[in-house]
Amino acid sequence: MSFRTNVQYLRSQRNMTQEQLAMLVGVSRQAVSKWESDKAYPEMDKLLAICDLFGCTLDDLVLGDVRHPGSGQRASKPDHQETTQTTPPTNATMPPVQSAMEDVTGYASFSNVYSLRMAFGIALIMLGLAFGGLFAGANQPTDTQNGLAFLALMIGIVLGLACLIPAVSARKDFRRRHPYVADFYTDEERSRVYRQTTWELVCGLAVVLLDVGINSAGYLIWGWSDQVRGFVFFLLLALGVFLLVHAGTSHRMMNLRAYNRQVDSVDNGRWDTYRYEHRISNAISGTIMGICTLVALTMLFSGNYDNLFGWRIPFWAIWIIGGVFCGVLQSLIGIFRKPPRA
């Protein structure tokens, strides 16, 4: 096999496009196209980068056959140094190169920090709601109580945004610097993360359900005041939301195929339409939750903790209703939306 044939074979084994290989090696797509058409030859540093990327030797890549490790060394020996060692037949089927790729971009550590920041940011906002409800009065809050409640809420929001905004900004910057990330995760690492996120998802849902049960018992059995019930509810909800957000974000960050979609040259039109529909659905969900937050905060600071237009609905239930509605909406959109082809 020639060099260009070896490169084409290595790319096909990883389902890698010329654009993706060019980004990893640090050249243009036209350069890779010239390599594979024998119109140009890479420099030594690019050859070594390709060897490190696919886990093959320089001799096999340039002189031999990457499907037969060691063939390059035999081809580089003079005729008088040839040994009588039996060579495998030309029609022998050799396993493809499956060396573990390295995380050259630092994606793993970045995704871990990003997931924690997103989870902490939303949990801190929930904690601000918890302390805001604790400081507010039950029936006729005083100006001091309203001031403390507003201050606690603002502190929670500011701390939450201090985690969320840098995380989102760092993700955009990382995507700009690394538009393509080779899938370096092994099956064992992927299984471990999926098991962890599954347990976090189960525990998060359990905490949320337990939170609703404790809050109901506090109202019906233990006679808790509105402040105590609101504080306990948002405190446990913050823990549940932390687990759910961390699980969802970690699971999504493992999907490097979706991360790399924006540089794939296949079905760009379909993928652009898919992303546009995804942004629309997220905007609708964000609008719904924003309205729910506005209604709930209005009930909280007006003293109507469990009365919405004459209905006996506690203010904290507004977020649950909005979240359930958004979940149903996303499910319906997912059913009728046709995902892009691979």
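This is a predicted model: local features need pLDDT of at least 70, side-chain atom pairs count only at pLDDT 80 or more; totals for chains, interfaces and linings use all residues.
Just after α1, Asn15 takes a positive phi of about 55°. Residues are numbered from 1 along each chain as its sequence is written, and side-chain values use heavy atoms, with hydrogens and water left out.

Start with the overall picture. The protein has 13 helices and zero strands. Read from the N terminus, the order of elements is α-α-α-α-α-α-α-α-α-α-α-α-α. The protein has 342 residues, and 37% of them count as buried. Buried means under 20% relative accessible area, exposed means over 50%, and partly exposed lies in between, all with a 1.4 Å probe and protein chains only. Contact means heavy atoms within 4.5 Å. Take the contacts between residues at least 6 apart in sequence: 71% of these join residues at least 24 apart.

Helix α1 covers residues 3-13, and its buried residues are Phe3, Asn6, Val7, Tyr9, Leu10 and Arg11. What do the buried residues of α1 pack against? Their partners are α2 (18-25), α3 (29-36), α4 (44-54) and α5 (58-62).

Phe3 leads on to Val62. Val62 sits in helix α5. The C-alpha atoms of Val62 and Phe3 are separated by 5.1 Å, although the two residues are 59 residues apart along the chain. Set aside neighbours within four places in sequence, and Val62 is in contact with Phe3, Tyr41 and Leu47. Val62 counts as partly exposed because its relative accessibility is 26%.

The axes of α2 and α3 are 8 Å apart, and the helices pack at an angle of about 110°. Such axes are lines fitted to C-alpha atoms, for helices over the stretch in contact, and the angles run from 0 to 180 degrees between N-to-C directions. α2 and α3 are therefore roughly perpendicular to each other. Angles of 65 to 115 degrees count as roughly perpendicular, under 35 as roughly parallel, over 145 as roughly antiparallel, and the rest as oblique. On the α2 side, the contact involves Gln18, Glu19, Leu21, Ala22 and Val25; on the α3 side, Arg29, Val32, Ser33, Trp35 and Glu36. By class, the residues of this α2 and α3 contact are five nonpolar, two polar and three charged. Ala, Val, Leu, Ile, Met, Phe, Trp, Tyr, Cys and Pro count as nonpolar, Asp, Glu, Lys and Arg as charged, and the others, Gly among them, as polar.

Next come two loop residues. Asp38 lies in the loop between α3 and α4. Its phi is near 60°, a positive value in a residue other than glycine. Asp38 is exposed, with a relative accessible area of 52%. Asp65 lies in the loop between α5 and α6 (71-76). Is Asp65 buried or exposed? Asp65 counts as buried, because its relative accessibility is 10%. A polar atom of the Asp65 side chain lies 2.9 Å from the backbone nitrogen of Arg67.

Move on to another helix pair. Helix α7 (residues 107-135) and helix α10 (residues 226-253) have axes that come within 8 Å and cross at roughly 165°. That makes α7 roughly antiparallel to α10. The contact of α7 with α10 has 24 nonpolar, eight polar and one charged residues.

Two histidines mark α10. His246 is in helix α10. This residue is buried, with a relative accessible area of 9%. Leaving aside neighbours within four places in sequence, His246 is in contact with Ser115, Leu116, Ala119, Gln196 and Glu200. His251 lies in helix α10 as well. Its relative accessibility is 39%, so His251 counts as partly exposed. Not counting residues up to four places away in sequence, His251 touches Tyr194 and Thr197. Arg195 is 56 residues away from His251 along the chain, and their C-alpha atoms are separated by 10.0 Å.

Technical notes
Helices (H or I, at least four residues) and strands (E, at least two) are DSSP runs, numbered from the N terminus. A polar contact is a pair of N or O atoms within 3.5 Å; within protein, one must be able to donate a hydrogen and the other to accept it, and residues adjacent in sequence count only if both atoms are side-chain atoms.
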